[in-house]
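Here are some exercises to work through with the model open beside you. Try each one before reading its solution.

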Amino acid sequence: MPEESSERSNFIRDIIIQDIESGKHSGRVQTRFPPEPNGYLHIGHAKAICLDFGLAAEFGGKCNLRFDDTNPSKEETEYVDAIMEDVKWLGFQWDGLFYASDYFEQLYEWAVQLIKAGKAYVCDLTADEIREYRGTLTEPGKESPYRNRPIEESVDLFERMKKGEFPDGSRTLRAKIDMASPNLNFRDPVMYRILHMDHHRTGDQWCIYPMYDYAHGQSDSIEQVTHSICTLEFDNNRPLYNWFIEQLGIFPSQQFEFDRLSITFTLLSKRKLLTLVQEGHVSGWDDPRMPTLTGMRRRGYTPEAIRNFCANIGVSKTNGVTQLSHLEYFLREDLNKHAARVMAVLRPLRVVIDNYPDDVVEEMDAVNNPQDESAGSRKVPFSKVLYIEQEDFREDPPKQFYRLSPGREVRLRYGYLITCTSVVKDADGNIVELHCTYDPETRGGNTPDGRKVKSTIHWVSEAHAVDAEVRLYNNLFTKEDPNEVEEGQDFTSNLNPDSLEVLTGCKAEPFLLDTVPGTRYQFERIGYFCVDRDSTPGKPVFNRTIGLRDTWARIEQRENK
RNA sequence: UGGGAGGUCGUCUAAUGGUAAGACUGCGGACUCUGAAUCCGUCUAUCGGGGUUCAACUCCCUGCCUCCCAGCCA
């Protein structure tokens, strides 16, 4: 019996609990995650993965990874490899590793069996004709003229289809069910089509390939899957899923449907993501703006954050849209706990501390992670000339701005308290440098006299600064629903032109000189960043994973309205 | 239009005939060497109309709305 879990339940979990209690399948739980290797996994798949693997794990069951590779025209090994990597990265390990193509021989034999039982026939109608004969939502279809051809003839034709005697599209094997069924899936669905095309695993061994409906349920059955969890749009396919299993009299796997994940400002359709890649709107499947797991990984998402998110949003049958902010909450929550703090200045403004000695360098103690004492501390060099963030200074500060401005004192984090004494401008009136004085009594940022400073800002010593490139990412789409478009337009018209901003000449503390790609940091007061694989020795590149919550930006925005 | 699946705070999810709850968001405050985090407070919901019942989000009837299905895709 499963332990009482603090995890929130959902209707599928409840069903499993009931099945276990009633002794169904002797309490055995077997699930599977069945991606088609025709694209990369995205956050929507993560929800399914968490369910399939999570439920199996919770109830002492098993979960297989099975590639649904029945359509060689779209599938590639590149995707197979990427999918396995992503599943592992998310934190799951499959029990069995299978492919629908493992079952091609068995599926073929069962098809022959169905033909011989008068439940399937070879049809010579063209694709267009099949469509015409299918009828419409409101009108019943017509029976194919080949529907009642002799069984032996279908057996023979099907065998010759397999042998490659007929061209693509010339014939199909169809189940003989009911052309008048209100469920269109029952109107003699195609089971096999002819496709003279190499398959990523079986090569040229086959030139007929099973359709999803004919392959999926039987694959589940072969693997003794007890709970076959899929998304809502397969609801209409469930009766057919059951029909094949019943006709064949094989292990009765059962299908359960849950709501697919959708997120605001995000597209979760493999087809459309492929378009973004192919048309060059993004740099690839792992572009940090992509909702793919590989893209999110490069962006700096943690598997924990994604898993927590999936657990929190729940599972139901309601077609809803989850807000991006919900995902971002779990991202920040996890990063806050684990990311080491460092100081980096994105848009540098030079500061000269006039009363600080010219050649002195002090090593200041800085805490690595206030949320995690075990993370320890490090030394940060302090000297006469520093960089601060441009937006941390205002010559003419608005009311609620309490960072640096002429005559005002602020704290340099872990450094000293400084007061701005003068502003240097270029010929065009742009601020190029600040002059300040420091209070020697405030070393480390402490105030022995107990005086309060309203603001603490980050900084980097000019002489010790590491030059860095920083890539700032924003939503890939400008609309909450990227599919909401003007007549004649497609989703690409909603692409955000400002989804990527590249900053060069950023200044980071020396700690970041030799950092490893994939490492995540919090740049204090700015956000969370992840070292990109484009980094070169001495020249790190950072991806902004997500900004810190920015109350000041919100205030300022409100005031400007 | 035939069939199927759904409709609870702005969003996501609970409540399975018995006080409509939680998370996210928003707003307000406390605290702060990150305008972060944390803490506290707070706004807002059962699609409409009938019925059954001591009692209805839950059961019944009815209407409305949304999503899915007419691939030799999955």
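Predicted model: local features only at pLDDT ≥ 70, side-chain atom pairs only at ≥ 80, totals over all residues.

Residues are numbered from 1 along each chain as its sequence is written, chains are lettered from A and ligands numbered from 1 in the order in which they are written, and side-chain values use heavy atoms, with hydrogens and water left out.

**Exercise 1.** Find how many residues surround RNA strand B, and which are the closest.

*Solution.* Next, turn to the RNA side: sugar and phosphate make up 64% of the atoms of RNA strand B that come within 4 Å of the protein.

**Exercise 2.** Find what lies 3.1 Å from a phosphate oxygen of RNA strand B, and what lies 3.0 Å from a base nitrogen.

*Solution.* For the phosphate oxygen, look for a polar side-chain atom of Arg554. For the base nitrogen, look for an N or O atom in the side chain of Gln323.

**Exercise 3.** Classify the ring pair of Tyr356 and Phe382.

*Solution.* Ring centres within 6.5 Å make a pair; planes under 30 degrees apart count as stacked, over 60 as edge-to-face and the rest as tilted. Here the centres are 5.3 Å apart and the planes at 65 degrees, so the pair is edge-to-face. Phe382 also pairs edge-to-face with Trp459, at 5.1 Å and 75 degrees.

Conventions:
Near = heavy atom within 4 Å. Polar contact = N/O pair within 3.5 Å; in protein donor to acceptor, adjacent residues only side chain to side chain. Phe/Tyr/Trp six-rings, centres within 6.5 Å; stacked < 30°, edge-to-face > 60°.
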